[in-house]
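Please open the structure in your viewer and keep a selection tool at hand.

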Amino acid sequence: MPEKLFDVTALGELLIDFTENGLSGQGNTLFEANPGGAPCNVLAMLKKLGRSCAFVGKVGEDLFGRLLHDVASEAGICMDHLIFDRDARTTLAFVKTFENGDRDFSFYRSPGADMMLREDELPLDVISGSRVFHFGTLSMTHEGVRKATCKAIDAARAGGALISFDPNLRPPLWTSLDEAKRQVEYGLTRCDVLKIADNELEFMTGQTEFDRGAALLRGRYPNIKLFNVTAGAEGSYSYYEDKRVFVPACKLGGTIETTGAGDTFCACVLNFVLERGLEGLTEADLTEMLRFANTAAYLVTTRKGAIRSMPERAEVEALL
């Protein structure tokens, strides 16, 4: 097999997360503009782990779009295939953070530039020339970008890439939750590695018990070789062949917000897969994978934002 261009290429949204940052002298809420977007967050953590990464997507030709390009480039991500749209603005998300670190989102995306990516704009050589292709469902909320995402998945598969999927369900961005479920189902039929959150597992199966929900989806989608469930402050689960491993979350206090935690977890899993492959994994391997991923995700919750908040490998290892 010829040498691959990148370890991981991701496609999807790149946006600004406006997160609360105290009050002004007049008592008004202050918001901090944090560069983010789940697929690029994943790449930012992978870069911290020494991986070569490329991003495919679209932002507005505006202040925020240029900021996102510059921040991701500074993180070491190849941004040669980021497209600037003159007509649509960069997507914005305002994030309300609760005392337990959970969040509520208000999106400004009607339309957002990330929705406008077209099939004919895809760098198919880059996508097919990557070891892993990663995507979520925010690039499947509207027909045009959905077609582009599906074409990218097919190109990645044809090139021999592993397919990684994180549903990253954001109900306000869907015209119908039935449509959201259909698109999550599509992603589940295509992926080799899955990261799914506890609320998304319940959304897809109606089950609140993780083992039962995972068994239902694994039965429907036998193509998923490595099936991981994140359960927030509880920890995470990994299902592989006949193995099931649970590792508790790192609970050392200091959590500010959970933005980027799932993306950090996902990146650590992909790094593990790039190191070890998907064959012959043991329970000890899965435990090692989850311990590292949980710890990295915890560190991100002690900081604001995502792309600029990813921990170094040495920080994770020191905490472990």
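Begin by selecting Glu121, which is buried, with a relative accessible area of 18%; buried means under 20% relative accessible area, exposed over 50%, and partly exposed in between (1.4 Å probe, protein chains only). The model is a predicted one, in which local features need pLDDT of at least 70 and side-chain atom pairs count only at pLDDT 80 or more, while totals for chains, interfaces and linings use all residues. Residues are numbered from 1 along each chain as its sequence is written, and side-chain values use heavy atoms, with hydrogens and water left out.

Glu121 forms a salt bridge with Arg118, the closest N and O atoms being 3.3 Å apart; a salt bridge is a side-chain nitrogen of Lys or Arg within 4 Å of a carboxyl oxygen of Asp or Glu. Arg118 counts as partly exposed, at 42% relative accessibility.

Select Asp7 and Arg51, whose salt bridge has its closest N and O atoms 4.0 Å apart. Asp7 lies in strand β1 (residues 6–11) and Arg51 in the loop between α1 and β4 (53–60), so the pair ties together parts that are 44 residues apart in sequence. Helices (H or I, at least four residues) and strands (E, at least two) are DSSP runs, numbered from the N terminus. Asp7 counts as buried at 12% relative accessibility, and Arg51 at 14%.

Next, select Lys195 and Asp166, a salt bridge with the closest N and O atoms 3.6 Å apart. This pair links distant parts of the chain, with Lys195 in strand β10 and Asp166 in strand β9 (residues 162–166), 29 residues apart. Both Lys195 and Asp166 are buried.

Select residues 226–230. Five of the five residues of strand β11 are buried, so the strand is largely enclosed by the rest of the structure. Leu226, Asn228 and Thr230 are buried on one side, and Phe227 and Val229 on the other.

Now show β10 (residues 193–197), which runs parallel to β11 and is joined to it by five bridges; two strands pair if DSSP finds at least two bridges between them. Ala197 stands opposite Thr230. Strand β12 (residues 235–240) runs antiparallel to β11, with four bridges between them, and Tyr237 is the bridge partner of Val229. In the hairpin of β11 and β12, Gly232 takes a positive phi near 60°.

Select residues 38–48. Nine of the 11 residues of helix α1 are buried, so the helix is largely enclosed by the rest of the structure. Gly50, which follows α1, has a positive phi near 90°.

Finally, which residues line the largest cavity? Select Glu13, Ala38, Pro39, His134, Phe135, Gly136, Asp166, Asn168 and Asp263. On a 1 Å grid over the protein atoms alone, a cavity is a set of points where a 1.4 Å probe fits but cannot get out, and lining residues have an atom within 4 Å of a point. β8 gives the most to this lining, with three residues.

How values were computed:
On a 1 Å grid over the protein atoms alone, a cavity is a set of points where a 1.4 Å probe fits but cannot get out, and a pocket is an open set with protein on both sides within 12 Å along at least five of seven lines; lining residues have an atom within 4 Å of a point.
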